[in-house]
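Hi everyone, thanks for coming along. I'd like to walk you through one structure today, starting with the overall picture and then moving to a few local spots.

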Amino acid sequence: MMKHPIIIAGPCSAETEEQVRSAAKDLKDFRLPASAGGEGISFFRAGVWKPRTRPGTFEGVGETGLPWLSRVREDFGLSVCTEVASARHVELVVKTGLEAVWIGTRTTANPFLVEEIAKALQGTSLHVFVKNPINPDLGLWIGAVQRVLHYCPEHVYAIHRGFSDYHIGQLRNAPLWRVPIEFKVQMPEIPLLCDPSHLSGNTVYIPELAQRALDLNFDGLMLEVHPRPSEALCDAGQQLNPTTFNDLMHSLMWRKSTPSDDSLSEEKILIDAIRTRIDVLDDDLVDLLAQRMSLVDQIGEVKKRGGIGIIQIERWNTVSSRTKNLATEKGLDDTFISEIYRAIHQQSIKRQEKIIRDE
Ligand code: PEP
Ligand code: MN
């Protein structure tokens, strides 16, 4: 039997009491498929304090929303989770009687704030979810989790929500799966969830991100679910409605994290887990090659404009010897790297030839 996955679902923000109750009403009867243990959601989420990147956007309803969350607990029997960004927030959440809090990505990046929040958590029975810092700094993430563990060692979890970057293509945040994988290696006792909503910024990409997280043996998912996503005051594009949330949960392939029968040997599980990590690296390799070729094309355009020849032997010799040295430093066979670079060089020449020939 698979370990019960931890599912956190609910709107990005509490906007009105009606909206919060509508989301809670829809989620209270939700059940995971039997293959995932058949349980309901572990926590209902809704932020009342919203740390926004830029002023002038909706920053949450603040304390006003806390009684709404309290009534959701009482009336729908859900455990409730909200974001805290200061010791004062923790005090108010404790007074309200909620079950859980999460520390947002911008807060995790600030050790002073994390320390202050961690101290305020001492002696409470809150479950605490620590999102990764906004920058891909594994030490800062682990450090934040350690600060929380120091004051309240029970019920501490981590959430991978991706990393902010200047150039990241279609997704809102760069997944950099290597970082959460390394987090798991270094902090194996901390359950790790994935937040495909903030990773994607767009519901279109949520299924594949959620599936990848499950393939990588994440322990659960945090998903934004809004009764009417298009009317959401923030993060409208990435919030599922209750039906699409339910459909998604029932279409994912929930993997067994431990061998449960003879057909699924421990070796097979290990190999599958390592293969998934290889797939992640292959994604990065292909992506890097695509980026490299796009730079090669840019040089092709410049050469075309300047009437400069394609093959520059000196440059090629530099690239070739530099990469051979790098390969040796990393313990790779230098002829192996030379062969790969020969193929890359040939492909680069081909692309530039095409650019120069095309009118
Ligand atoms: C959120 O969960 O609504 C949120 C603000 O998340 P993050 O800190 O990951 O941006
Ligand atoms: Mn959000």
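**The overall picture**

So, the protein chain has 359 residues, and 46% of them count as buried. Please keep in mind that this is a predicted model. Along its principal axes, the C-alpha trace spans about 75 × 55 × 40 Å. The chain holds 13 helices and 8 strands. If we take contacts between residues at least 6 apart in sequence, 74% of them join residues at least 24 apart.

Glu-224 sits in strand 8, residues 220-224, while Asp-235 is 11 residues away in the loop between strand 8 and helix 10, which covers 242-251.

Are Glu-224 and Asp-235 buried or exposed? Both are buried. For Asp-235 the relative accessibility is 15%, and because buried means under 20%, this residue falls on the buried side.

As background, most residues other than glycine have a negative phi. His-155 also has a positive phi, near 55°. His-155 is placed in the loop between helix 6 (138-151) and strand 6 (156-160), and with a relative accessible area of 35% it is partly exposed.

Now a pair of residues to look at side by side. Ser-200 belongs to helix 8, residues 196-200. Its relative accessible area is 1%, so it counts as buried. Leaving out residues up to four places away in sequence, what does Ser-200 touch? The answer is Gln-170, Leu-171, Arg-172, Tyr-205, Ile-206, Leu-209 and Gln-238.

Lys-330, by contrast, is exposed, at 69% relative accessibility. You'll find Lys-330 in the loop between helix 12 (313-329) and helix 13 (334-357). Its C-alpha is 26 Å from that of Ile-313, with the two residues 17 apart along the chain.

**Helix 1 and its neighbours**

Helix 1 runs over residues 17-28, so to speak a 12-residue element, and it reaches 16 Å from first C-alpha to last, close to the 16 Å expected at 1.5 Å a residue. Its buried residues are Gln-19, Val-20, Ser-22, Ala-23, Ala-24 and Leu-27. What do they pack against? Strand 1 (6-10), strand 2 (43-45), helix 2 (66-76) and helix 10.

**The largest pocket**

The largest pocket holds about 780 Å³ of space. It is lined by 22 residues, and the closest to its centre are Leu-171, Pro-175, Asp-283, Asp-284 and Asp-287. Helix 9 (206-215) and helix 11 (266-306) are the elements that give two or more residues to this lining. Which of the elements gives the most? That is helix 11, with 6 residues. Sorted by class, the lining has 10 nonpolar, 5 polar and 7 charged residues.

That's my tour, and I'm happy to go back to any of these spots.

Note on methods:
Residues are numbered from 1 along each chain as its sequence is written. Chains are lettered from A and ligands numbered from 1 in the order in which they are written. This is a predicted model: local features need pLDDT of at least 70, side-chain atom pairs count only at pLDDT 80 or more; totals for chains, interfaces and linings use all residues. Side-chain values use heavy atoms; hydrogens and water are left out. Helices (H or I, at least four residues) and strands (E, at least two) are DSSP runs, numbered from the N terminus. Buried means under 20% relative accessible area, exposed over 50%, partly exposed in between (1.4 Å probe, protein chains only). Contact means heavy atoms within 4.5 Å. The expected span of a helix is 1.5 Å times one less than its number of residues. On a 1 Å grid over the protein atoms alone, a cavity is a set of points where a 1.4 Å probe fits but cannot get out, and a pocket is an open set with protein on both sides within 12 Å along at least five of seven lines; lining residues have an atom within 4 Å of a point. Grid points are joined across faces, edges and corners, and a volume is the space filled by probe spheres set on the points. Ala, Val, Leu, Ile, Met, Phe, Trp, Tyr, Cys and Pro count as nonpolar, Asp, Glu, Lys and Arg as charged, and the others, Gly among them, as polar.
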